[in-house]
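Have the 3D view open while you read.

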Amino acid sequence: MLLIMKSSLHILSLWIALTISVVYAGEPTTGAWKGTIIDAETSEVLGGVQLSLAGYTTVFTTDEMGRFSIPDLVEGTYQVRIYHLGYELLEQKVFFQPDSLETVEISLRPMSIAIESITISAQRPGRAFEMISQMDLSQRPVLSSQEVLPFIPGVFIAQHAGGGKAEQIFLRGFDIDHGTDLQLSVDGMPVNMVSHAHGQGYSDLHFVIPELIERVDFGKGPYEVEQGNFATAGYADFQLKDRLDENRIKLEVGQYGTTRALAMVKLLPQQPKHHLYVAGEYLATRGYFEAAQNLQRANIWGRYHAQIGASSQLMFTASHFGSNWDASGQIPLRAVEAGLITRWGAIDSTEGGQTSRQNVQLQFQHVFADGSLLKQQLYATFYQFELYSNFTFFLEDSLKGDQIRQRENRFLWGGSGSWTKSLQLGRTNVHTTVGWSWREDYVRENELSRTFGRIFTREEVALGDVYETNASVYLKQQLEWGSRWQVVWGLRYDFFRFRYDDALIESKEGAMRSQGMMSPRVQLSYDVSDKMQLYGKVGRGFHSNDSRLIFLEPGRAALAPAWGWDLGAIWKPLPTLWIQAAGWQLYASQELVYVGDEGVIEVSDAARRWGTDVSLRWRFLPSWSLTADANYTSARFEDVPPEQSFVPLAPQWSSTGGVRFQPYANIQLNLRYRWLGDRPANEDYSVVAQGYQLLDLSGTYQWRGWEVQLSIENILNTDWREAQFLTESKLRDEVNSVEEIHFTPGAPFMARIGLSHRW
């Protein structure tokens with residue numbers, strides 16, 4: 001019996017061994033096809049390139065070093081499709097051998113961005129339209145980076161202080177003021193200033209040279225896990241050029257004494273892996289007001305970018321910005337209607353200010369052997385600001401007037417980083433990111449004072465030092481099921497510590513407070529076909545309140561949350577027609593607003609905003625293209641009578657767009673329109689902030705490295721109000737104060753011409 005059992009075991013073992021060998025012998029040998037994708041003209045590696053194989057549902061993407069790896073391929077010939085925005089589509093057959101250790105190098109040729117070159121499939125949920133923004137950016141001239149903000153569909157801006165102050169921003173039913181509900185950054189370095197002397201979230205983008213902008217990464221709503229404070233209505237990250245393809249000089253002149261000079265020079269032209277450039281601009285203008293605005297602005301940028309070995313990149317950036325100006329401010333409607341001043345006049349012509357900003361930024365990224373990516377950055381900013389304004393004229397002081405000064409000196413420093421690991425689990429690609437950020441603001445002598453003639457200080461209303469810390473961590477996962485489904489979910493936690501040392505009280509001990517907030521966010525998209533994508537988003541965002549609130553209102557919340565959702569679709573019915581539509585809603589809880597112009601607290605009720613966004617890009621003839629963005633928003637306060645629930649100054653109807661004519665590659669004309677409908681100036685809509693319609697014209701002609709550029713704003717010379725506020729004020733000879741619309745007149749017909757040379 002024992003002998004029989006042993007014989008049976010031997011036979012069973014032999015059968016198992018033979019079965020295993022047959023099974024494995026029957027399986028074909030597999031391997032991974034690896035390579036790097038580069039720019040055919042510059043040999044720069046290209047990250048984010050999409051690769052797909054005929055018959056495979058998974059779409060593969062190159063990492064930050066341009067590398068890709070497609071696993072589990074058997075020997076054979078494959079049809080490969082390689083796509084990257086701004087480059088020619090490459091489709092070719094490739095023969096693969098599993099035992100080959102060769103790493104291939106594939107070159108893509110650059111091309112101008114066109115509607116036909118933009119695909120819908122395999123995009124992050126609802127984010128493909130930012131590519132359209134990049135196309136728009138390459139086609140329209142601007143004088144400052146602040147003018148790039150309206151390239152985001154639905155964004156309007158208004159300047160009301162001589163051109164040197166940050167513009168007022170409107171988006172999705174928010175009067176964002178200067179940045180309270182829109183997070184702005186430059187290559188990840190924050191622009192929004194917390195607890196600013198003029199207003200919470202103040203964002204001045206004038207320190208960026210517009211010609212250095214490579215693209216604008218933007219999103220509307222609180223859905224991106226990487227974005228924290230101020231990202232409620234949306235965010236925009238201005239991403240600058242890592243290197244220059246060519247040198248460039250430019251001179252622009254225009255009406256009202258406008259002059260702008262630009263120079264961009266690459267300093268290491270013969271180094272394929274090391275790039276260094278410097279760029280500078282100078283702008284001066286007298287302005288179209290009766291009192292000269294005397295705006296002067298200077299910018300200097302330098303950037304060094306290096307590829308270290310095959311796995312690392314290092315970039316160092318330094319910049320300096322300075323600006324000073326005079327201003328006529330907002331003027332009362334009654335003074336113009338009574339003939340006391342013209343619409344280009346001023347009640348107080350001594351307004352104005354000056355500001356400066358110096359930045360240093362160090363960025364590093366490394367791809368490990370397992371394909372995971374590490375990103376790190378550090379930054380530091382020294383910032384100065386001084387602004388003189390007069391909104392009420394002689395309401396508080398009937399002799400010397402109500403001029404105020406807002407001033408601060410700020411040192412801002414911090415950093416951020418992330419680690420991303422990608423895995424393939426069957427038909428699902430999983431990209432997991434763990435990130436962190438940290439920011440410290442030290443604001444010395446944050447001041448509000450009453451002044452006279454910009455030289456005499458009559459009274460200090462608020463004066464103190466602000467210390468604010470924001471640290472955050474987040475987890476994000478992007479799941480790609482085949483080539484059609486994508487889910488991006490994440491969880492973010494932000495911690496804040498606030499401190500305010502009031503210099504106008506005897507106690508030396510400052511007020512301090514801490515608070516944290518968790519923000520979950522989810523995005524889902526489904527590619528119905530290569531011509532349509534459906535998507536949905538839901539998430540929680542927030543913005544911090546001013547640090548001075550913890551001293552003035554110690555029992556109030558320091559963070560103001562907002563919940564939102566989006567449902568939308570992208571449709572490309574024709575190769576030359578692109579349509580995106582979305583419905584959305586955003587609920588913002590009660591918040592506190594520190595009014596920097598008065599040094600007091602205002603409580604804003606909870607508000608619900610909902611609306612629709614529609615965008616269209618269409619090349620309807622070979623030389624003709626149409627652009628149109630239309631937006632409707634309903635913005636209402638909660639828990640108040642309906643007839644008194646309107647959110648003041650919130651845009652309701654708005655639209656931008658235009659027609660582009662390009663008969664030849666070196667000639668193009670753009671006719672653009674801007675339309676902002678009437679909107680409520682107060683809660684019961686008894687006062688109206690008047691809307692406007694404008695037409696702008698621009699054109700370019702290129703010849704052998706030379707370019708002539710013509711730009712005409714407001715070609716119909718329409719009288720319009722750029723910024724409007726419902727304000728109570730009193731003129732010198734008035735007995736009683738009056739509450740009415742105060743406005744800054746918008747630019748009249750204004751032409752400028754530029755000549756540039758590239759080599």
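Two strands count as paired if DSSP finds at least two bridges between them. With that in hand, look at strand 27, where M517 stands opposite D494. Bear in mind that this is a predicted model.

**Strand pairing**

Strand 26 (residues 485–502) and strand 27 (residues 511–529) run antiparallel and share 16 bridges. On strand 25 (residues 456–481), strand 26 has another antiparallel partner, this time over 18 bridges. One of the facing pairs there is Q477 with W489 in strand 26. Strands 25 and 26 make a hairpin with 3 residues between them, and G482 in the turn has a positive phi of about 65°.

**Charged pairs**

How many salt bridges turn up in a search of the whole structure? The count is 39.

| Pair | Closest N to O |
|---|---|
| E386 and R407 | 3.5 Å |
| D501 and R499 | 3.0 Å |

The E386 and R407 pair links distant parts of the chain, from strand 22 to strand 23 (residues 404–425), with 21 residues separating the two. Since buried means under 20% relative accessible area, E386 counts as buried because its value is 12%. R407 is partly exposed, at 28%. In the second pair, D501 is buried at 16%, while R499 is partly exposed at 29%. As for R548 and D546, both are buried. Salt bridges with shared partners also tie E211, K250, E252, R260, E281, E713 and R752 into one network.

**Nonpolar cores**

The largest nonpolar core holds 51 residues, and L149, V186, L212 and F238 have the most contacts inside it. Strand 22 (residues 373–389) gives the most to this core, with 4 residues. Another core lies apart from it, with 21 residues that include A158, F170, A689 and F725.

What does F238 touch, leaving aside neighbours within four places in sequence? Its contacts include V148, L149, V186, L205, I213 and V216, along with D187 and R215.

Definitions and conventions: Residues numbered from 1 in each chain as written. Predicted model: local features only at pLDDT ≥ 70, side-chain atom pairs only at ≥ 80, totals over all residues. Heavy atoms only, no water. Core = buried A, V, L, I, M, F, W, Y, C linked by side-chain atoms within 4.5 Å. Buried < 20%, exposed > 50% of the residue type's maximum accessible area, 1.4 Å probe, protein only. Contact = heavy atoms within 4.5 Å. Salt bridge = Lys/Arg side-chain N within 4 Å of Asp/Glu carboxyl O.
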